Amino acid sequence: MPASTRSTARRGLAALAALPLLALAATACGYGSQAKDDTANVAAKGAKIDGLDTVKIGYFGNLTHATALVGNQKGFVQKELGGTQAQYATFNAGPSEIEALNSKSIDIGWIGPSPAINGYTKSNGKNLRIIGGSASGGVKLVVDPDKIKTLDDVKGKKIATPQLGNTQDVAFLNWIGEQGWKVDAESGQGDVSVVRTDNKVTPDAYKSGSIDGAWVPEPTASKLVAEGGKVLLDEADLWPDKKFVITNIIVSQSFLKEHPKVVEAVLRGSVKTNAWISANPDEAKTAANAQLKTDTGKALPAEVLDPAWKSIRMTDDPLASTLNTEAEHAVKAGLLEKPDLSGIYDLTLLNKVLAAEGKSTVDDSGLGVEQAK
């Protein structure tokens with residue numbers, strides 16, 4: 001890609017990150033509308049942690065944020081917070097959640113890797129830390145089986161991704177490059193037409209024939225399958241051990257410094273939520289869908305919910321090495337200057353919680369705050 005085009009693509013990505021209120025759909029790390037505020041489903045009881053009245057927590061109304069959905073619905077996070085009330089805000093947008101974190105409208109958030117990387121680098125490493133993992137997987141290439149029968153058939157077709165520079169867009173551009181095909185990252189034109197499409201309308205675009213397939217997260221992938229699409233590729237198959245970060249937990253650096261006990265309580269709630277999900281998958285699925293209905297006004301039908309749920313893995317491990325790889329893919333695509341991610345992780349409190357729960361601690365892949373000092 002020419003240097004001028006790379007520069008333009010990077011400016012385009014920066015512009016996207018600066019526009020938090022674009023009316024796009026809820027995706028694992030997509031971008032879109034402003035937040036909806038709500039308090040936890042369970043009332044605060046007991047002593048306040050550090051005397052703090054509330055902790056403001058953000059997440060997306062999406063299955064890849066199931067830890068937050070279930071943790072809210074079942075009250076696991078609130079239980080750990082005692083008398084400090086969890087106040088939730090649901091987002092459709094990576095940039096809007098980062099903006100909320102920067103403006104202190106939220107303190108802690110569940111978010112995808114690309115917004116976390118962009119937010120960290122654009123603040124020169126001053127605004128956030130990744131403090132825990134949440135989910136892996138749940139991204140698929142779904143195609144029209146009448147038009148695309150093999151991976152080679154993707155060449156020359158119109159394939160949707162959620163938005164220029166989002167996590168799925170970067171992954172698809174990287175996969176295209178590995179096939180030896182050429183696509184201009186900014187325009188999406190080339191050997192494959194990459195059509196940036198709101199996940200909310202992607203199923204309709206597929207039904208109308210305006211796209212031939214999509215590289216998308218759940219539950220959009222399963223919605224396409226319900227419309228007759230076929231899963232041609234599960235992105236998990238492209239990663240070592242079939243694991244890659246799709247959702248992690250961030251906190252503002254100022255809140256982490258001022259209220260570490262509150263952050264630890266939220267992380268403890270997250271770890272206990274993930275353990276409960278693992279032990280009670282069917283009940284957890286129902287709880288996540290119930291919270292989705294509360295947050296978005298609409299529950300998922302079984303034909304979408306069931307396969308989508310099966311493809312997502314909850315994890316306390318933020319899978320740091322895969323975040324670094326995703327950043328490298330964005331650089332290769334010309335969408336990001338090579339970032340300095342040293343210090344993006346602080347897993348001290350998470351590892352404290354994991355050790356107390358008798359679980360294995362996790363690694364920051366050399367990107368921890370200790371190495372940045």
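At what angle do α11 and helix α12 pack, and how far apart are their axes? Helix α12 covers residues 302-310, and α11 packs against α12 at an angle of about 120 degrees, with the axes 11 Å apart. The axes here are lines fitted to C-alpha atoms, for helices over the stretch in contact, and the angles run from 0 to 180 degrees between N-to-C directions.

Before going on, some housekeeping. This is a predicted model, where local features need pLDDT of at least 70, side-chain atom pairs count only at pLDDT 80 or more, and totals for chains, interfaces and linings use all residues. Residues are numbered from 1 along each chain as its sequence is written, and side-chain values use heavy atoms, leaving out hydrogens and water. Helices (H or I, at least four residues) and strands (E, at least two) are DSSP runs, numbered from the N terminus.

Back to our pair. α11 and α12 are therefore oblique to each other; angles under 35 degrees count as roughly parallel, over 145 as roughly antiparallel, 65 to 115 as roughly perpendicular, and the rest as oblique. The crossing of α11 past α12 is right-handed, meaning the near helix is turned clockwise from the far one by less than a right angle, with anticlockwise being left-handed. On the α11 side, the contact uses Pro-281, Ala-284, Lys-285, Ala-288 and Asn-289, and α12 brings Leu-305, Asp-306 and Trp-309. Contact means heavy atoms within 4.5 Å. By class, those residues are five nonpolar, one polar and two charged. For the classes, Ala, Val, Leu, Ile, Met, Phe, Trp, Tyr, Cys and Pro count as nonpolar, Asp, Glu, Lys and Arg as charged, and the others, Gly among them, as polar.

Now for α2, residues 66-73. α2 packs with α11 (residues 281-296) at about 85 degrees, the axes 8 Å apart, which makes the two roughly perpendicular. Among the contact residues are Leu-69 and Val-70 of α2 and Ala-284 and Ala-288 of α11. This contact has seven nonpolar, three polar and one charged residues.

α2 also packs with α10, at about 95 degrees and with axes 9 Å apart, so α2 is roughly perpendicular to α10 as well. The α2 residues there are Ala-66, Thr-67, Val-70 and Gly-71, and those of α10 include Thr-273 and Trp-276. Which classes make up this contact? Four nonpolar, five polar and no charged residues.

Trp-276 comes back in an aromatic pair with Phe-76, tilted, at 5.4 Å centre to centre and 50 degrees between the planes. Rings of Phe, Tyr and Trp (its six-membered ring) pair if their centres lie within 6.5 Å, and planes under 30 degrees apart count as stacked, over 60 as edge-to-face and the rest as tilted. Phe-76 sits in helix α3 and Trp-276 in helix α10, 200 residues apart. The whole structure has seven aromatic pairs.

On to the strands. Five of them form an open, mixed sheet in the order β8-β7-β9-β6-β10, where a pair needs at least two bridges found by DSSP. β8 and β10 each have a single partner strand, so one side of each is left without a neighbour in the sheet. The twist averages 30 degrees from one strand to the next. β6 and β10 pair in the antiparallel sense over four bridges, and Val-143 has Lys-230 as its bridge partner in β10.

Two backbone details to finish. Most residues other than glycine have a negative phi, and most peptide bonds are trans. Asp-50, however, has a positive phi, near 55 degrees, and the bond from Glu-218 to Pro-219 is cis, with omega near 10 degrees.
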